[in-house]
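Biologist: I'm new to this one and would like to learn how to read it. Could you walk me through a few features?

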Amino acid sequence: MTKTRTTGTGSGLPGARRIRSSRNDRPHHYMVHSPHFAYEEYAVHRGQYDRLSFYGPAGSEPVTVHMYDCRSDSPEYDRKLQVDVPADGSCVLAVPPGYAHWFERLGSVTTRNDYSLHAPADPSTRWTPFDDNATYAVAAMDRARPQVTANTVELPTPAQFLISKAVSRSWLGGATEQGVVAAAEIGGELHRYFIDRDLAGQQPEVVRSELATVTAGVGSYQSIRDDSYGTGSNVDNGLADTMVLDVPAAWPRYFSAHPNLTLKLSPLLYDNPEMELQLIDRRADSPTFGAVEVLPFPRDPRVVLTIEPGVLLRARGSGTLHYRVEYEVHGASARMPELFVPVPDGGSLPTFDAPGAALADEVVRELAYQ
């Protein structure tokens, strides 16, 4: 079961629910599925330990997960399991290495995977985390199961985030699932790299902000098929929170301010409601200090809106928005950086100093565990 935390009314995003499917001590990615998406095959990983949570529009049916134990040394080898998992983010399903898995009813549902990576117990065994996905047609899997030697040694946390960062960077600006993989021998070892970019594909529309402290751009994503995407991390620390907001029709009475956070916001579902943000630049060193702007919130999950420290924001619109918050934490003179300040509408607006340098990735992850 996951935990949730609801933001109070003293916020520009009132009533937003933070769904904690992970302690943020593992890498993550999201899979955004279009309404007509359907898997046609089982997947088996030797070294990736999946932890899956599902998010869909209100009223979504549970996702049905079919699994076979394909571990050659397992006393339950060949056992079939079938589980229905709610599509409201309330549960996390763990799928260890060596289990074949296939999903039904994933149309319009987004999957978050808080995964870990495991290496073979025998260091001489050939394996790479960049090529760890074997697939089998559903009919073929139901006739006979493969035998898999699953990896059992969990990689150190910094190594897992380093691998995740390499994948996310290879997806920057768009990549394709059928991309070219380059191989190079370095120091007697064979290394494989994803090098393609979806340069010819249709890119999402990106709005332009007039504020020096607010930018929008195409993030890290991989086109799968059927207009569906895998989205990777857009921050080096690899952290992200899943948020759900019942968007208010009128501007809230409060703005949110984040004096020492850079926020990266992106919608999570394939179809997202219309929403707009009111932004006020209150960072003292900004060339657009004092400027006010209203921007449409991105509706395409491939678009990322970056809001630097010292900007006031609040939202209005209609419907329920699922969105991802990625963040960098900047240093402050105090022992603990001030992360959130509610600012009432109609009063005098605060001025925020320029933020300090971004904290080291491992420090930010420690803060996120709390």
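Biologist: Which residues is Met-31 in contact with, leaving aside its neighbours within four places in sequence?

Modeller: Keep in mind that this is a predicted model. Here Met-31 is in contact with Tyr-39, Val-109, Thr-110, Thr-111, Ile-224, Tyr-229 and Gly-230, once neighbours within four places in sequence are set aside. Met-31 itself belongs to strand β3, residues 28–32. There's also a pairing to look at in space: Met-31 and Gly-232 are 201 residues apart in sequence, yet 9.1 Å apart from C-alpha to C-alpha.

Biologist: Is Met-31 buried or exposed?

Modeller: Its relative accessible area is 16%, so Met-31 is buried, because buried means under 20%.

Biologist: And how does Gly-173 read, in terms of its place?

Modeller: Gly-173 is in the loop between α2 (157–170) and β14 (175–176). With a relative accessible area of 27%, Gly-173 is partly exposed. Not counting residues up to four places away in sequence, Gly-173 touches Gln-203, Val-218, Gly-219 and Tyr-221. Now try Arg-143: Gly-173 and Arg-143 are 30 residues apart along the chain, and their C-alpha atoms are separated by 40 Å.

Biologist: What joins the side chains of Asn-113 and Asp-50?

Modeller: A polar contact of 2.8 Å. Asn-113 lies in strand β10, and it counts as buried, with 4% relative accessibility. Beyond residues up to four places away in sequence, Asn-113 touches Pro-27, His-28, His-29, Gln-48, Asp-50, Arg-51 and Leu-52.

Biologist: Now the inside. What do nonpolar side chains tend to do in soluble globular proteins?

Modeller: They tend to be buried together. Here the largest nonpolar core has 28 residues, and Val-214, Met-275, Leu-277, Leu-279, Ile-307, Tyr-323 and Tyr-327 are those with the most contacts inside it. Elements that each supply at least two residues of this core include β20 (241–246), β23 (275–281) and α3 (361–369). The most comes from β27, which gives five residues to this core. There is a second, separate core of 17 residues, with Ala-87, Cys-91, Leu-93 and Leu-106 among them.

Biologist: Last topic: what shows where empty space is left?

Modeller: Rolling a probe the size of a water molecule over the atoms does that. Take the second largest pocket, which has a volume of about 860 Å³. It is lined by 27 residues, and Arg-5, Arg-18, Asp-241, Leu-261 and Phe-340 lie nearest its centre. The elements giving two or more residues to that lining are β1 (3–6), β20, β22, β27 and α3.

Biologist: Which element gives the largest share of the lining of the second largest pocket?

Modeller: That's β27, with four residues. By class, the lining of this pocket has 17 nonpolar, seven polar and three charged residues.

Technical notes:
Residues numbered from 1 in each chain as written. Predicted model: local features only at pLDDT ≥ 70, side-chain atom pairs only at ≥ 80, totals over all residues. Heavy atoms only, no water. Buried < 20%, exposed > 50% of the residue type's maximum accessible area, 1.4 Å probe, protein only. Polar contact = N/O pair within 3.5 Å; in protein donor to acceptor, adjacent residues only side chain to side chain. Contact = heavy atoms within 4.5 Å. Core = buried A, V, L, I, M, F, W, Y, C linked by side-chain atoms within 4.5 Å. 1 Å grid on protein atoms, 1.4 Å probe; cavity = no way out; pocket = protein on both sides within 12 Å on 5 of 7 lines; lining within 4 Å. Points joined across faces, edges and corners; volume = space filled by probe spheres on them. Nonpolar A, V, L, I, M, F, W, Y, C, P; charged D, E, K, R; others polar.
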